[in-house]
Structures are given as C-alpha cells and as structure tokens.
Amino acid sequence: MDWLEFENNAYNKGYSLVCGVDEAGRGPLAGPVCAAAVILPKGHIIEGVDDSKKLSEKKREALYDVIKNEALAYSIAFADEKEIDYLNILQATYLAMKRAVEGLNVKCDYALIDGNRMPPLSIEGETVIKGDAKSASIAAASILAKVSRDRLMLEYAEKYPEYQFDKHKGYGTKLHYEMLDKFGPSEIHRQTFLKTWYAKK
C-alpha cells in the first residue's frame with residue numbers, strides 16, 4: 001500500500017502543501033468532538049503511524065509526540081457539546097475540522113478529509129473513505145484527534161468523578177448509562193444524544 005498516494009496525487013496536480021484531517025468523538029454522549037489537521041513534510045511517513053483505532057492507547061500516546069515533532073505543521077480543534085446540540089453532530093464536526101485547518105501555522109492549499117463528506121473549507125480538497133487507513137497525513141491526524149480528546153475526557157473525569165469518564169470517555173457504555181440513571185446528565189452531556197435515555201425516564 002502506498003501511504004502517500006493521495007498526498008502525492010495532490011502535489012502532482014500542482015498543490016504546494018497538503019494536510020490530512022480527521023476527527024474523534026462523533027459518537028459519545030458527552031464531551032466535544034475533536035478534529036486535527038496535519039501537514040507532513042513532502043515524501044515523509046512517520047514510522048508506526050496507522051489508523052488510530054488499530055493502535056493501542058500506549059502506542060497512540062507514544063506517536064502523539066512523534067507526530068507533533070516531525071510534522072511540518074499540526075493543529076487540534078474542538079466543537080463542544082453545546083455547539084453539537086445547537087448545530088447537530090455533522091455540522092459541529094465540520095466546524096471542528098474547519099477550525100483545525102484554519103489553525104495551522106503553515107498555510108496549506110489542499111486538504112484530505114477522512115470520510116465521504118467535505119466540510120466547507122476555504123481551500124480545495126477531497127474526501128477519502130477510510131482515509132485513516134490509506135493516507136499517512138490523515139492517519140497522523142486521527143491519532144492527534146483521538147489522543148487529544150481522550151486526554152480532555154480524563155480531565156473531565158477529575159471534574160465529574162461520578163460519571164467515570166476515564167473508563168468510557170463519554171461513549172454510551174453500560175457503565176455510562178448506569179451513571180446517568182444514578183446522577184442524571186452533567187453540564188458536558190450532549191442533550192440531543194440523550195433523547196432515547198430521556199424517553200425511558
């Protein structure tokens with residue numbers, strides 16, 4: 001597999017800097033959605049980088065610093081639970097991706113977006129289905145987004161210890177629903193994601 005096929009195709013078309021973009025946390029009941037954008041030096045693959053879902057937490061944590069050190073530029077951005085409730089999860093994901101791309105301190109002119117839907121960006125780009133398993137820069141972005149969001153959820157675990165966010169990171173596990181039944185929603189829960197839970201009350 002050519003990890004740089006999509007990046008090289010864009011460079012061959014005349015684009016000068018290509019970033020990979022991915023998100024983490026579309027599905028949870030609590031906390032923000034996080035997006036990252038990564039520009040790798042042309043022709044560069046970071047050893048060990050893969051789709052974040054295929055890597056252990058330990059491996060992701062180790063690669064997080066390597067990516068930040070070796071990337072030409074990177075940016076991490078969030079859309080919080082209130083923005084998710086107001087906009088809906090798809091639009092909030094677009095917003096986080098837009099913030100990540102615009103937050104890059106090196107201006108890129110082409111974006112490779114994981115998935116099949118293009119967020120409204122001010123630069124050209126394309127979507128890559130399962131891009132985190134096909135593109136080096138999207139895979140790097142997937143790791144930064146996942147680790148950043150997990151770390152934030154660990155901070156929330158200290159702020160709201162009763163929900164045990166350190167164990168489920170806000171996803172709808174059996175434990176999380178048990179804690180919701182016991183304590184009700186917190187400030188960081190996505191109200192629009194709790195409709196089924198509310199319906200059972």
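Which residues does Cys 108 touch, not counting residues up to four places away in sequence? Cys 108 is in contact (heavy atoms within 4.5 Å) with Leu 17, Cys 19, Ile 39, Val 101 and Ile 123.

## Basis of the model

This is a predicted model, in which local features need pLDDT of at least 70 and side-chain atom pairs count only at pLDDT 80 or more, while totals for chains, interfaces and linings use all residues. Residues are numbered from 1 along each chain as its sequence is written, and side-chain values use heavy atoms, with hydrogens and water left out.

## Nonpolar cores

A nonpolar core is a set of buried Ala, Val, Leu, Ile, Met, Phe, Trp, Tyr and Cys residues joined through side-chain atoms within 4.5 Å, where buried means under 20% relative accessible area, exposed over 50% and partly exposed in between, with a 1.4 Å probe and protein chains only. The largest such core has 31 residues, and Cys 19, Val 21, Val 101 and Cys 108 have the most contacts inside it.

A second, separate core of 22 residues includes Cys 34, Val 38, Leu 40 and Ala 140.

## Aromatic rings and charges

Five aromatic pairs are present, a pair being rings of Phe, Tyr and Trp (its six-membered ring) with centres within 6.5 Å, stacked if the planes are under 30 degrees apart, edge-to-face if over 60 and tilted for the rest. The rings of Tyr 163 and Phe 183 have centres 6.1 Å apart and planes at 70°, so this pair is edge-to-face. Tyr 163 counts as buried at 3% relative accessibility, whereas Phe 183, at 40%, counts as partly exposed.

Lys 42 lies over the face of Tyr 11, at 4.7 Å from the ring centre, a placement that requires NZ of Lys or CZ of Arg within 6 Å of the ring centre and within 35 degrees of the ring normal.
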